[in-house]
Every structure is written in structure tokens, then in C-alpha cells.
2 protein chains.
Amino acid sequence: MIDYLVQQKARISHALDSYLHGEMKQLFERHPFGPDVADRLVDFSGRGKMIRGALVYLGAELYGHSEPGPATTRLACVMELLQSFLLIHDDIMDGDLLRRGAPSVFAQYEHMGRERQLADPRHFGESMGICAGDVAIFLATALVAHDEVPEGLERKLLRLISTEIARVGLAQMSDVYHGVYPGQVPEQEIIDLYRFKTGRYTFSLPLMCGATIAHAPESDVSTLGLIGEGLGVVFQIKDDYIGLFGETDAIGKTVGSDIASDKKTLYRTFLFDAATEAERARLDTIFGSPDPDADDIDYVLGCMQDHGVVSRVESVLLAYADDTRDTIRNSLPNMPAEGRELLERLLEYNLTREA
Amino acid sequence: MIDYLVQQKARISHALDSYLHGEMKQLFERHPFGPDVADRLVDFSGRGKMIRGALVYLGAELYGHSEPGPATTRLACVMELLQSFLLIHDDIMDGDLLRRGAPSVFAQYEHMGRERQLADPRHFGESMGICAGDVAIFLATALVAHDEVPEGLERKLLRLISTEIARVGLAQMSDVYHGVYPGQVPEQEIIDLYRFKTGRYTFSLPLMCGATIAHAPESDVSTLGLIGEGLGVVFQIKDDYIGLFGETDAIGKTVGSDIASDKKTLYRTFLFDAATEAERARLDTIFGSPDPDADDIDYVLGCMQDHGVVSRVESVLLAYADDTRDTIRNSLPNMPAEGRELLERLLEYNLTREA
């Protein structure tokens, strides 16, 4: 499955590059920072795996569109521009300096501010990052109105995209709140965030866009939305796992950054539930500390192993995986069998990926 | 003219309120911060004069649509949601705590963070403000896809809105840079910013949307774009004047905030051009200082009077006004005479307004 997804990247990268450096060139050239931000957006987008863009192709292929037309590619670019916008803004909120194996966009501008000896380079970087994210959004919505997107589909797609990304923004507010909220976040609230932020956004939205382009019936499109939620819960739990147990090089962000930002993962909730009072006292000093060292991180991971946190999280993961598999097999009457097989392979990929 | 514009506000406010609290209620209710942000967006939008929304009605009326249909109202709401998004993000960049006579949105969330004793309430406020602005964007784009917007117009409108707001984002990057750049910004760069940021956004975009809804010929729609640039230069210079010489209560933001944020206005450029070395030394300590006091501000204004800065800026203003008047009179062959009169009245309003 990952091969299928990664294979789409060249096509999406190419289309994004000609959109920003070709079709939109004139727009950018009229502004002092225009060419600069176009370059950064192409570079930043190109560093990602472009899974969301690729899932638009998959969504179309589920309903037999194995030779995707230009509208599918346009929509894949929309997904990747929106993903860049979200990451650019998220990194400002989380203070993450590293993303996709390179400085995050606001960190790049912070660096520019420092080089040019501007006052408060951090705030300069954040402000430029906010703008760069905003620009990416409207480059994306302009693409939905592109001539290559058939006029009857455009309204459905715009409505779908707008609703789902508004939802991501609302979920992100909870995420920001959880990030600084010193207490425990209950399991269900975390799962809801995974369903709405990761699930509906990373999986439901691109699959629904692809299926819409392939003229799938509306009932199937909404079932795909639910399946996306399940795929998202599985993906996000796995992501949290990799964030804790992966390698910095492989994951493209700093190991321990979820601990430093006190991200309210299931691992954290289950860990604090199970920890002794003495452990909790030390854990409290580590989660949310600006720069936890290797010993701190080892301590956290050791406690998790001791209290069976990892296997408890895994059983949640497997329950969602089973439910989702069930929905794929039994609730998509209009999807060809090959489509259902592809979706199952995607689920298995989410379950077994290691980076 | 201002009466005409202000009269539209009740209708836009009402439509925005039923959109956010009615049609979109379910979306908001599924998220812990949803109802909160819906309330804040309705309240924040409602505190503005809603000039941009009203200009959509005017744009339609220019071409004889004096009884606006539901699409016009939807587009007016789009303009106001986009205006709220831009102000919310701008206030974060400028650190403006006061807007529209009340705390800015990020300042409201900063206050929430302080009340709930969260770590770093300022950063919490900024993060929540970024999200609130992002949510406002997608509430706006969802409206462009509303059933009440005729399908043939939707694509044109989405393309227009996306391009113009991408432009605003690019111009905003220059604005951010100018804000911390310690040197002089040349007159032409400032004027370009006024054309692209204020002009095309505040005037061109809503007028072009309204004219598009009224099926104006495309050549007229692009001329309206140019007229909007001129209207914007006039409006913005006047805005800078009011920011320097107005009263805090009347303008809804702190007098001196443009000086504190070292905003690169024409007044500032002309002042530094004309000032003696001794004056410049003191001015350097005032522009960009976090909290200039009344004496500092009086000193700045006194220097401007001494060097004839105010009348020099005024002559720039009048030159743009003359050009714009000329274009209105001679370059809109398809617009009824009543339309041209309305546009001239708008220009006169921009020239003479005092708050």
C-alpha cells in the first residue's frame, strides 16, 4: 500500500511545482516576499510523503477510476497545500523547530529575522509563518475553482473541504488547550480528537474527494467518512507510538517533542492513571518541560513498559482496527471488491507502519 | 454614502448570526470549543462597521441590482468572515490587544488562559487566535458553495476571492517585514501595499463580487478592481491620519499603536526624510518603543506639523483621488450613470471621513 501511495508523489510534486512556479508566478512576482514564499511552499510540501494527496487517487480508484484525470491531480495538490498550511500553523502553536527533517517554516523565517538583525526574530518568524499558511490556504481554494475541475463537482468538493477543515480548526483548539492544560484528558476526548483531527482530515477528506470525483453514490461517500475516522484513530495512535519510540532521523521531528509539548496522548493518560504517586511526581516535571534530556525520556518509556501502558494502548488500537475492517467489508455495497481490498490494505499499512 | 453602507449592516449581521448559530450549529456543537468560537466570531464581526459586506450590495447596485437576492447577502457574509479572519491574525502579528472597541480575539483567549491559570497565557491566546482565524476562513469558503449562490457564479467568485486574499497574505508579509525593519520604506513600496492590501481587498474584492453577481461584463469588473486600488490608497492614508490624530474611543484601537508598532506609513517616511539629525535621534527612540507616552506622541505630531508632512501626504492623497475619479467617470462604459454617481460618493466618503 505504501508503495502505491508513494508512487503518486512524483505526479503531485510536479503539478504543485508548475502551479506555484508557473500558473501563479505572476501573482507571486508582484510582491517582495512572493517568490520567496512560493519556493518555501514547494520545498516544504515536497518534503512530505504526500499521503493525503495520494489518497485522493486512491479514493477515485476505489470506484474504478484507475486512470486519474487532471481533476484528481488538482485535488491532490489541494490536499497537500492544506496539509502544508496546517503544519505551518501547528508548528507555531507547538513551537516545533524541526519538521519533515528540516527547519519548520516559521523557524526558517525566524532564521531570516536573525540574519537580518530584526527585532524579536521569533515573533517575526511566527508572523511570517501565519501569513505563509494563510497564503497556502487560498492557493488551495483557487485550485478547487480550476477549469480542470468539472463545474458540477466543484461545489460538492468545496463544501466538503470547507466543512472538514473548519472541523480540523475546531479540533485543533482542543488540542492547543490540552497541550497546556495541566490535568488528565479522558480517553474519549483524546479519541474524539483523533477521529476529527487526524481521521476525518487525513483519511476521510481525501478519500471522499476522490470518490466524489469518481461519482460514487453519496451514501458510500459518507460511509467512507466514518471509515476515515477509524483509519485516523489507528494512524494517530501509531504516530504517538513512533513519536515516543522512533528515531529522530526517520520521523523527521525531534523524539521527545510530544513529551516536551505535553501532548495529551492515550499513552500519557494511561501512564498517569497507572503511575504511583512518586512516579507521577517525577513524570510531572518531565511532561511539558522545555527540553527533556535522554534520561528523562528513558524514564518515561520505562514507566510505560512497567505499567503495561503500551499493550493497553495497543488493545484500543486493535479494537478500532477491527471495527473499521468490519465497516469496510460490510457497509460499502456500491464499491467494487477491488476497492474494498485496497481499503483493507490501507488499514493494514496504518497498523504496521514503523515511520 | 456611509448611511447607505451602514444600513446594510443589520441584514448582514442577522444572516451571519443565523449561519453560525443556526446552519452551522451542529458542526460547532461537536467540539468543546465550537460554541465558544461561534459566539466570539459573531460578536467580533458584529462590532465592525461591515463596510466590506455592504460593498458587495453596492457592487450589485452599481449594475442595477437594487433589490439584492440571497446570493448577495451570502457573499456579504463571506467578506465579513474573511475580514474577521484577517483582523484576528493581524492583531496577533501586531500585538494589538484592542480592536473594534473591545479586546482583540487573541487577547480574549489570553484572558481565558490567565483565568484558567494555564502556562504561558499569551502564547495560548495567540494559538487559539490562529485557529479561530483559520475556522473563520473555512466558514467563509463553505458559504461560497452555498445552494443560494448560483452554480455558474460560484467558480468565478471562488477564483476571485482566493486570488485576492492570497494577495492580501503576500502583502501582509511585506507589512510584517516593514513593521520590524528599522530603516526607511520608500514611498512607492508603501503605496503598493495600500493598493494591494487595503485597496484590492477592502474595495476591489467586494465590489467585484457584487458586480459579478449582477452579471457585469468582465472588462468592467477588472476596471472596478483598479478603482478599488485607488479607493484603498485614499482610505488607507486617511486611516493612518486618523490613527495619528483621532481619539481612541472613536477609532476602536489605541492611539499611538501605529507608532508603537513602528508602522511604515507615508507620514513616517516623509517625517524621517524631513527631520533634522537631532529630531531623528529622538524619533528613533519613539517609533517602535513598546508603550510611547502622551509626550512622545505629541512630539511626533509636532514634528510632522513643523515639516509640512501632513500637507505633503495630503497632496499624495488628492492625486490618487483625482485619478480614481477620472477612471470612474471615463472608463466604465457599461455602468449606468447612477452607478458611477454611487462610486463617486464612495470616493468622497473615503476622502472626508473622520473615524
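Predicted model: local features only at pLDDT ≥ 70, side-chain atom pairs only at ≥ 80, totals over all residues.
The contact between the chains draws 46 residues from chain A and 46 residues from chain B. On the side of chain A that touches chain B, two or more residues are given by each of α4 (34–46), α6 (70–94), α8 (121–144) and α9 (151–180). Of these elements, α9(A) supplies the largest share, 19 residues. The composition of this side of chain A is 29 nonpolar, 10 polar and seven charged residues.

Within chain A, helix α5 (residues 51–62) packs with helix α18 (residues 337–352), their axes coming within 8 Å and crossing at roughly 150°. With angles over 145° counted as roughly antiparallel, α5(A) and α18(A) are therefore roughly antiparallel to each other. Leu58(A), Glu61(A) and Leu62(A) form the α5(A) part of this contact, and Gly339(A), Leu342(A) and Leu343(A) form the α18(A) part. By class, the residues of the contact are four nonpolar, one polar and one charged.

In chain B, helix α5 (residues 51–62) comprises 12 residues and reaches 16 Å from its first C-alpha to its last, close to the 16 Å expected at 1.5 Å a residue. Because 12 of the 12 residues of α5(B) are buried, the helix is largely enclosed by the rest of the structure. The buried residues include Arg52(B) and Glu61(B) as well as Leu55(B), Val56(B) and Leu58(B). Packing partners of the buried residues of α5(B) are α1 (2–7), α2 (9–23), α6 (70–94), α10 (187–213) and α18 (337–352) of chain B. After α5(B) comes Gly64(B), with a positive phi near 90°.

How values were computed: Residues numbered from 1 in each chain as written. Chains lettered and ligands numbered in written order. Contact = placed C-beta atoms within 7 Å. Helix = DSSP H or I, 4+ residues; strand = E, 2+ residues; numbered from the N terminus. Nonpolar A, V, L, I, M, F, W, Y, C, P; charged D, E, K, R; others polar. Axes fitted to C-alpha atoms, helices over the stretch in contact; angles between N-to-C directions. Parallel < 35°, antiparallel > 145°, perpendicular 65-115°, else oblique. Expected span 1.5 Å × (residues − 1). Buried ≥ 20, exposed ≤ 12 C-beta atoms within 10 Å, placed from the backbone.
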